[in-house]
Amino acid sequence: MPHYVAAIDQGTTSSRCIVFDQAGHIISVAQREHRQIFPKPGWVEHDADEIWQAVQGVLAEAATGLDIAALGITNQRETTVLWDRATGRPVCPAVVWQDTRTDALTRALAEHEGLFKEKAGLPLATYFSGPKIRWLLDEYDLRDRAERGEVLFGTMDSWLLWNLTGRHITDVTNASRTMLMNIHTLAWDDELLAAMGVPRAMLPEIRPSAEVYGHTADGVPVASALGDQQAALFGQTCFAPGETKSTYGSGSFLLMNTGQEPVVSKHGLLTTVGYQIGDGPATYALEGAIAVTGSLVQWLRDNLGLISSAAEIETLAKTVDDNGGCYFVPAFSGLFAPHWRSDARGVIAGLTGFVNKGHIARAVLEATAWQTREVVDAMNADSGLDLTTLRADGGMTADNLLMQTLADVLNVPVIRPMVAETTALGAAYAAGLATGYWPDLDTLRANWHKAAEWRPAIDEPAREREYRNWKKAVARTLDWVEQEVEH
């Protein structure tokens, strides 16, 4: 049997390839960054060709000379690529999930809000692919070609699968982020397509998250596709209802497994497909998406110069004992879950002459913890399940002060696994299951090991006082952008 499984982790700022062995240990890693293109305020674009070049590069670098049993894909979700079926080349820039150019369009679709919530499980927001497709079709005058199936749409998984296997497909997790798939039937929905104004002919075929889709030029089976947050849920082996993970990257994403029934949120969360293995039933999840967490640390480094590396934030925050009364709400592109307010903008509240850069650094870390708390409260209310532990992964989990702050704020233990690269691991696990490299979910569960655990260390009155102050700061961010003066 071949020795290893490889995963492509196509992220917002870089593409990586990670190769894992049977125990889920990392054998090799390669990574390449790609450009972030900001043509206007609120606009974020990627070059899909540049990303494909980077993916080819990291795949060659990480996997050359190794016996690879299967290749899985995990990807930044909602980022929208349109390409020419005949040439295989993009016909316009890729519009990234963070992009807010469709704000006016989503407001214009407000009459359909109930339809999207009921059938797609999603609120009307600039975040999702559907409005981005509609905007690109109109702006680049592509509608006629799209209706003839000459211009194709895909999220990044589709774009990579097209280039790797020649098939125009996506998986249920990525399709569930478009606002165009009915989460109950797992199929493109004519009513949703009509409301959004997107032609069916340009859409990929929807497939399970784990099956052999095709083979690379070298004959390696390409056998999984999962949106990055669903891949992390899978990599953290959250296979039972109520099990929850949070991934701390540029943004942060909490997913709670809700079993085989979609739970429609009443508290500002998203209903999403967690995964589907082969022809088995889909597993659903509730998701809380937070736009700005790790990218706030980068902003402190790059825009303000208060730190020279992301790792320094912990050192700077430890120069003080608390936040000095200062709260930082990073609503740089509006607020995501559970608020969904595109009119919000960031604030630093509670400033006095006493506050120094150490307090601001601490407030930056606390912003991630309080935003997590808001989402956890919403999850508990929606699911009827109380969070008992949080499995945390992603780059920010290297910050021990943040992990302790999370435990304090949530009042539950926070656990970091041995393999922090759970997004890539989840894609590898799904590909390995599809090809028989791993026999079943229990084998994957046995691979999961705890590296560290943090327990709550503050009292309830302090926790609730700080939460009240955080909520006051959030209230100050709202109604900042006046809709009528937007261009």
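Analyst: A polar contact here is a pair of N or O atoms within 3.5 Å, where one must be able to donate a hydrogen and the other to accept it. In this predicted model, the rule finds 12 residue pairs in polar contact across the interface of domain 1 and domain 2, with both residues at pLDDT 80 or more. On the domain 1 side, β1, β2 (14-20), β5, α3 (113-120) and α7 (172-175) each supply at least two of the residues that touch domain 2. The largest share of that side comes from β5, with six residues.

The domains themselves span 4-207 for domain 1 and 237-481 for domain 2, and their C-alpha centres lie 23 Å apart. Domain 1 brings 40 residues to the contact and domain 2 brings 36 residues. Between them they bury about 3000 Å², with 64% of it on carbon and sulfur atoms. Three salt bridges are counted between the two domains. R16 forms a salt bridge with E421, and their closest N and O atoms are 2.8 Å apart.

Strand β5 also belongs to an open sheet of six strands with mixed pairing, in the order β3-β2-β1-β5-β14-β13. β3 (26-33) and β13 (210-215) are the edge strands, each with a single partner strand, so one side of each has no neighbour in the sheet. Strands β1 (residues 4-10) and β5 (residues 68-75) run parallel and are joined by seven bridges. A7 has G72 in β5 as its bridge partner. Helix α9 (residues 228-235) packs on the sheet, where it touches β5 and β14.

Notes
Residues are numbered from 1 along each chain as its sequence is written. This is a predicted model: local features need pLDDT of at least 70, side-chain atom pairs count only at pLDDT 80 or more; totals for chains, interfaces and linings use all residues. Side-chain values use heavy atoms; hydrogens and water are left out. Two strands pair if DSSP finds at least two bridges between them. Helices (H or I, at least four residues) and strands (E, at least two) are DSSP runs, numbered from the N terminus. Contact means heavy atoms within 4.5 Å. Axes are lines fitted to C-alpha atoms, for helices over the stretch in contact, and angles run from 0 to 180 degrees between N-to-C directions. Domain bounds come from an automatic or database domain assignment. Buried area is the accessible area (1.4 Å probe) that two parts lose on being put together, summed over both. A salt bridge is a side-chain nitrogen of Lys or Arg within 4 Å of a carboxyl oxygen of Asp or Glu. A polar contact is a pair of N or O atoms within 3.5 Å; within protein, one must be able to donate a hydrogen and the other to accept it, and residues adjacent in sequence count only if both atoms are side-chain atoms.
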